[in-house]
Amino acid sequence: MERLQKVLSRAGIASRRASERLIVEGRVAVNGATVTQLGTSIDPSRDVVRVDGKRVPAPPASHTFLVLNKPRGYVTTARDPEGRPTVMDLLREVGKRVYPVGRLDYASEGLLLLTDDGDLARDLMRPASGVRKTYLAKVRGRPAAKDLERMCHGVVVAGRRTLPARAHVVRPGPNSWVEITVVEGRKHQVRMMLEAIGHPVQRLRRVRYGGVEMGDLPSGRFRALTPEEVRRLRGACRASPARPGNRKSG
């Protein structure tokens, strides 16, 4: 037997807290009877659960964890109203329904996690989780040490100051490559941070997420995470948010 809100969360319907709201609002039925009592336990392998009349699939006995090297020109959604290709087009041979953990925008590329474990996905995406995400950005010009220092201490983008980050130049030149690690997940954050110090992004690639690295995975391909990588992700969620701190530019 398992708590109803946990079953809904594991099935990817909503977070546990949001699932509790669905129950209290009378939107959840078990075996045809509406349930409004929090703490109700069910057998997910036998009981039929519906939310707003739509049947909820039983949560999987074991979860799937994937990493995809997302190419540019793909959107991180299941469907796109503009008809653009989505990352799901690259996962047809998976055979299971998985969901992206966060997003990479249309023009960005690199490491994208996907899973059917709703609890882990939400833990990773929680603003308070402090999970580190590392990017390589090709920028216009070569950022000076003082500009990177300012960005690492936080810059104001979209009316809010970013949390401290870590950044350094890995390949200087007229169009330098900068490695940057952040602990937030705000929309277009890395692009806006580099724009704020006067070095617009020309290309952006995510290479690390919570201890999982993309390595030499070819563009457009995916692989299963190892048990050790899954443990790292769970550990990153449990760890207290850490500020990456600064590294000098190279």
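Biologist: Is Asp 117 buried or exposed, and why?

Modeller: Burial is read from relative accessibility, and a residue counts as buried when this is under 20%. In this predicted model, Asp 117 has 5% relative accessibility, so Asp 117 counts as buried.

Biologist: Where is the place of Asp 117 in the chain?

Modeller: Asp 117 sits in a loop, with strand 9 (109-115) on one side and helix 3 (118-125) on the other.

Biologist: With which side chain does the side chain of Asp 117 make a polar contact?

Modeller: For polar contacts, one looks for N or O atoms within 3.5 Å of each other. The side chain of Asp 117 meets that of Arg 234 at 3.1 Å. A polar atom of the Asp 117 side chain also lies 3.2 Å from the backbone nitrogen of Asp 119.

Biologist: Leaving aside neighbours within four places in sequence, which residues is Asp 117 in contact with?

Modeller: Beyond those neighbours, Asp 117 is in contact with His 63, Phe 65 and Arg 234.

Biologist: And in the chain, what share of contacts between residues at least 6 apart join residues at least 24 apart?

Modeller: That share is 66%. The secondary structure consists of six helices and 17 strands, and the C-alpha atoms fill a box of roughly 65 × 35 × 35 Å along the principal axes.

Biologist: What percentage of the 250 residues in the chain is buried?

Modeller: Buried residues account for 48% of the 250. The accessible surface is about 13,100 Å², with 48% of this area belonging to carbon and sulfur atoms.

Biologist: How many positive and negative side chains has the chain?

Modeller: There are 48 positive and 25 negative side chains, and the centres of the two sets are 4 Å apart.

Notes. Residues are numbered from 1 along each chain as its sequence is written. This is a predicted model: local features need pLDDT of at least 70, side-chain atom pairs count only at pLDDT 80 or more; totals for chains, interfaces and linings use all residues. Side-chain values use heavy atoms; hydrogens and water are left out. Helices (H or I, at least four residues) and strands (E, at least two) are DSSP runs, numbered from the N terminus. Buried means under 20% relative accessible area, exposed over 50%, partly exposed in between (1.4 Å probe, protein chains only). A polar contact is a pair of N or O atoms within 3.5 Å; within protein, one must be able to donate a hydrogen and the other to accept it, and residues adjacent in sequence count only if both atoms are side-chain atoms. Contact means heavy atoms within 4.5 Å. Accessible areas come from the Shrake-Rupley method with a 1.4 Å probe; for residues, only the protein chains shown count as cover. Lys and Arg count as positive and Asp and Glu as negative; His and the chain ends are not counted. The place of a charge is taken as NZ of Lys, CZ of Arg, CG of Asp or CD of Glu.
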